[in-house]
2 protein chains.
Amino acid sequence: MTFETISEQRCFGGIQGFYSHASSETGGTMKFAVYHPPQAATGKVPVLYYLAGLTCTEETFIIKAGAQRLAAELGLMLVAPDTSPRNTGIEGATGDWEFGEAAGFYLDATTPAFAARFRMYSYVTRELPALIAAGFAAADTARSGIFGHSMGGHGALTIALKNPGAYRSVSAFAPIVAPSQVPWGLKALPRYLGEDRVAWQPYDTVALLRSGHRFDGTLLVDQGDADKFLEPQLKPELLAAAAKDAGQALTLRLQPGYDHSYYFIQTFIEDHLRHHARALA
Amino acid sequence: MTFETISEQRCFGGIQGFYSHASSETGGTMKFAVYHPPQAATGKVPVLYYLAGLTCTEETFIIKAGAQRLAAELGLMLVAPDTSPRNTGIEGATGDWEFGEAAGFYLDATTPAFAARFRMYSYVTRELPALIAAGFAAADTARSGIFGHSMGGHGALTIALKNPGAYRSVSAFAPIVAPSQVPWGLKALPRYLGEDRVAWQPYDTVALLRSGHRFDGTLLVDQGDADKFLEPQLKPELLAAAAKDAGQALTLRLQPGYDHSYYFIQTFIEDHLRHHARALA
């Protein structure tokens, strides 16, 4: 289990690194970013995974979210993977921003065309954490948290709900909470998982909550009310109802005037990082 | 004097806007970004111009520097123009990252090929401030500061030195301080200004200091010591010597381990914004 260093640059007294490796889960080269806070030079630090949204890469969050300042202050290692396998050569996997490359939906595909490569669920939950643990001595992987944006918020919430104990904290910006019920999911899930909707449930936060899954802690979710995807794709009211019915602790904040962009994310990144830092202390 | 709104998005309680207009100085459409802090909704705020470096656009600083958080706290309007005219159609103005489009060097060209369009000095010092004053009621242009990075640090320093009273504060990240003496300048200045080196002096910080220009305040300059352009292109020791000989107040900080990137800039942006806010209060 080895990786290559693409670049390492000093940032807020720590190191912003980009790396690549041959991924067994996704059958190709994957890139990921790690922000090593200054505290990582002298001891163990908790690990916070960030999953990005449609069209994004391992660079998006690192460049646009303004997260390193507070990660340096709080002593958090940030890990940001890419959003899908790349250069798959699979017919239909490119050319549509809502499906395929850069739109992996953090699931393990089962349809013949996609099953071999589109395994972002196993990549994010198993291969990447093992790589981080083996590759970076400062990573205290027993203290891990996860968060994300949009498709990545969906990834963070579903992964946290399905892996009790693996993550001590979870949060999301403008997550897709019910892909089984919205156009993004109705387009992607059948192509990755087939037409049987039962197979979609493990990748649907609302369905997971309604089928008994719980996160031992509070879900923090921020959503802008000027987000053009709010009504058709995101539907936080479905999350609120499912969490209420399930007795799942949820802090859902509707932020007036904010849209779906990283200008929204950078505004509230501090609240999220402090939320995670408290749980990971 | 009108402009079009490309986009406006909420960010840290204020508005991140992108705009375009027909520029008389540069003879084409120019884009610029404005961050309107929350305080601009209810009163006047000072204006801080940021000039970007080679290859950059009006978006670079806005996306990568993490400046909005503190601009919102301090009540600073941030204005970021593009780095040159675009789509000029001039032979030789594209295809070289060190010259032409995205490499305007904040000067008024005098050579026949470039004189009509490459007028970034007049654009930044006259046309853009007039547009900001006319277009944004909250802009208190009597309180203006200027800063920049690399080629834009060169722009900020030379503009501040040549326009006493117009800017109350100036700072730079990794500026080109002596373009007359380094490869970037030796390539660009003759093509924009001709072979007579006397014509280059108004666009050379070290030459301006040595010819009697002063800034009524302290120049704040940060420079990473792992910057690959440090020795061949940036030469802060020439600035230090010229400032010392001139009696010009200068705070020059060599930052260990930092390179030329926005990871360097975002690390020290808070110091710069506070430096400007103090002078602009």
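Predicted model: local features only at pLDDT ≥ 70, side-chain atom pairs only at ≥ 80, totals over all residues.
Stop 1: Select the strands of chain A. Nine of them form an open sheet with mixed pairing, in the order S1-S2-S3-S5-S4-S6-S7-S8-S9. Look at strand S1 (4-11) and strand S9 (250-255) of chain A: each has a single partner strand, so these two stand at the edges with one side lacking a neighbour in the sheet. On average, neighbouring strands are turned by 20° against each other, direction ignored.

**Stop 2: one strand pair.** Select residues 45-51 and 139-149 of chain A, which are strands S4 and S6. They run parallel and are joined by seven bridges. Which residue in S6(A) is the bridge partner of Tyr50(A)? The partner is Phe147(A).

**Stop 3: a helix on the sheet.**

Stop 4: Now select H9(B). This helix lies across S1 and S2 of chain A, at about 25° to S1(A).

**Stop 5: the interface.** Show both chains. Here 21 residues of chain B are in contact with 21 residues of chain A. The two chains bury about 1,900 Å² between them, 53% of it on carbon and sulfur atoms. Eight residue pairs are in polar contact. On the side of chain B that touches chain A, strands S1 and S2 and helices H1, H2 and H9 of chain B each give two or more residues. H9(B) gives the most, with four residues. The residues of this side divide into nine nonpolar, eight polar and four charged. How many salt bridges does the rule find across the interface? It finds zero.

Definitions and conventions: Residues numbered from 1 in each chain as written. Chains lettered and ligands numbered in written order. Heavy atoms only, no water. Contact = heavy atoms within 4.5 Å. Buried area = accessible area lost by both parts, 1.4 Å probe. Salt bridge = Lys/Arg side-chain N within 4 Å of Asp/Glu carboxyl O. Polar contact = N/O pair within 3.5 Å; in protein donor to acceptor, adjacent residues only side chain to side chain. Nonpolar A, V, L, I, M, F, W, Y, C, P; charged D, E, K, R; others polar. Pairing = 2+ DSSP bridges. Axes fitted to C-alpha atoms, helices over the stretch in contact; angles between N-to-C directions.
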